[in-house]
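Here is a short report for a reader meeting this structure for the first time. Please look it over alongside the text.

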Amino acid sequence: LEISVVAGLAGGVLSLLVAYIVEKKRPTGARFLYLLSIIPAAIPGTVLGVAYIFAFNRPGVTFYGTIWILAICNVFHYFTLGVLAGISNLKQIDRSVEEAAVSLGAGVFMTFRRVVFPLTRVAFFSSAMYFFMTSMVTISAVIFLYAPDTKTAAIGVLLLDDAGDSGQAAAMSTLIIAIVLAALAGLRLLLGKQGFRMIKA
């Protein structure tokens, strides 16, 4: 649950920032940044997990086997959809809205915080919820990265089933479903009618 919360918040923030840079700011190198953002969609989870082993399982890397490497792996594994959702939402915001904020003296960060983010609030929470849900159920990448004290719930289900404890594995699966449904219900309460439309979609 901790890993999923960290991945949800970090993934939602990072994907929205990248989408904002690519779609609205468009600095030099924006197309390359977009390319880097969509590459994870072409990488299988197993390949990504093995790559993280070769990259980080070495002396001096202290966060290997912690919840942080699992959260980072989940964020970048599913990063493409979050960025594409953010870009799609930002395309619906007229550029004149930002220009009006700038003409009134707002800087880049204030414009993003006071103008852009409120207009992309639903997209941000949708992306965060997507990262949270996929982190709760993913196995392919993180199966290579967990330590005995950082097993995710989905890996716990797999290990219980392999040990012959099918009843406990089923109970853990039910608990995962309940947590995801509770998170969706909480998001619906947070966003009101907009959240209800998002959950229906």
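## Charge

The protein chain carries 15 positive and 9 negative side chains. The centres of these two sets lie 14 Å apart. Keep in mind that this is a predicted model.

## Confidence

How does the protein chain score on average? The mean pLDDT is 83. Of the residues, 94% score at least 70.

Residues 195–201 are a stretch where the pLDDT is below 50. In the model, this stretch has eight contacts beyond near neighbours in sequence.

## Overall build

How many helices and strands does the protein chain have? There are 11 helices and zero strands. Read from the N terminus, the elements run α-α-α-α-α-α-α-α-α-α-α.

The C-alpha atoms fill a box of roughly 65 × 45 × 25 Å, taken along the principal axes.

## Surface and interior

The protein chain has 201 residues, and 38% of them are buried. The chain exposes about 11,100 Å². Carbon and sulfur atoms supply 68% of that area.

Contacts also tell how the chain is put together. Take those between residues at least 6 apart in sequence: 72% of them join residues at least 24 apart.

## Serine 127

Where does serine 127 sit? Serine 127 is part of helix H8, which covers residues 121–137. Is serine 127 buried or exposed? Serine 127 counts as buried, because its relative accessibility is 6% and the cut-off for buried is under 20%.

Set aside the neighbours within four places in sequence. Serine 127 is then in contact with Gly12, Ser15, Gly82 and Ala85.

## Glycine 12

One of those contacts of serine 127 is Gly12. Glycine 12 lies in helix H1, residues 2–25. The relative accessible area of glycine 12 is 0%, so this residue is buried.

Which residues does glycine 12 touch, not counting those up to four places away in sequence? They are Ala7, Phe124, Ser127, Ala128 and Phe131.

Note on methods. Residues numbered from 1 in each chain as written. Predicted model: local features only at pLDDT ≥ 70, side-chain atom pairs only at ≥ 80, totals over all residues. Heavy atoms only, no water. Helix = DSSP H or I, 4+ residues; strand = E, 2+ residues; numbered from the N terminus. Buried < 20%, exposed > 50% of the residue type's maximum accessible area, 1.4 Å probe, protein only. Contact = heavy atoms within 4.5 Å. Areas by Shrake-Rupley, 256 points an atom, 1.4 Å probe, with all protein chains shown as cover. Lys, Arg positive; Asp, Glu negative; His and termini not counted. Charge placed at Lys NZ, Arg CZ, Asp CG, Glu CD. pLDDT = per-residue confidence, 0-100.
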